[in-house]
Each structure stands twice: as C-alpha cells, then as structure tokens.
Amino acid sequence: MRSLHATWYWVAVVTNGLAGLWGIGLVLLKRPTNRFFNWAAGTAVVAMLLQVTFGLILYQQGWRPTNEFHIFYGFVILFTFTFAYIYRIQYEKRPALMWGLTLLFVMGLGLRAFANVR
C-alpha cells in the first residue's frame, strides 16, 4: 500500500495539472468545455481522491509521515473538493475557469504534501 501511495502520487498530480491547464487553455482560447474536458476533470478528481484514500488507509494501518503537514495538505485537498461540490452551481457559469483553477490548486497542494515527506 505504501508503494501504491508513493507511485499513485504522480498519477494524481500529473492528471490534475494537465486537466487544470486544459481548463485554463479553454478560457484563454474562449472555447466552451466539452465532454472530453469534463471526463478529464472527473478523472483528475477521482485520481486525487484515491490518493488521499490510500493515505488514510496507510494512516489507519499505523504508518505516519515524518511531517504532520503532509496530512494537513491531504485534508485541505478533501476540503477543496468538498467546497467545489457545494458550489457546483456556480461552477456551471464558467466551468473551464473554475475547474482549471481548482485542479491547479489541488495539484499544488499535492506537490506541497510531497515536499513535506522528504
């Protein structure tokens, strides 16, 4: 499980970064979102939620990171997605911008969590 958490980190961060950049690119090019972007954004969210879930399982099994800020960033990721769900109606007004910024923010949180492990 520990190696899965370490490996899946890259999948989660890269998918969030790429989907976030895609959303910002759609905004800059003044293009509407399509089902491919929606699928990519959903995949990025699921990938990061799986990463947080793997971390919670490791914590439950007794593994502890060397720095508590690692856990803090995991909870901030959960809160970010929770607020995105709460404000999902507002996200419908400008979905590419909102999801692009959210996913890039979550990517940054993932990078900060990783920085607190080493």
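Analyst: Happy to; here are the terms, each set against its definition. This is a predicted model, where local features need pLDDT of at least 70, side-chain atom pairs count only at pLDDT 80 or more, and totals for chains, interfaces and linings use all residues. Residues are numbered from 1 along each chain as its sequence is written, and side-chain values use heavy atoms, with hydrogens and water left out.

User: What is the average pLDDT of the chain?

Analyst: pLDDT is the predictor's confidence in each residue, from 0 to 100; the chain averages 95, and 99% of the residues score at least 70.

User: Where is the kink in α1 centred?

Analyst: On Trp8, with a kink of about 30°. The bend is the angle between axes fitted to the seven residues ending at a residue and the seven starting there.

User: Which residues of α1 are buried, and what covers them?

Analyst: Buried means under 20% relative accessible area (1.4 Å probe, protein chains only); among those in α1 are His5, Tyr9 and Ala19. Their cover includes α2, α3 and α5.

User: What is Leu109 in contact with?

Analyst: Contact means heavy atoms within 4.5 Å; leaving aside neighbours within four places in sequence, Leu109 touches Tyr73, Val76, Ile77 and Thr80.

Definitions and conventions: Helix = DSSP H or I, 4+ residues; strand = E, 2+ residues; numbered from the N terminus. Buried < 20%, exposed > 50% of the residue type's maximum accessible area, 1.4 Å probe, protein only.
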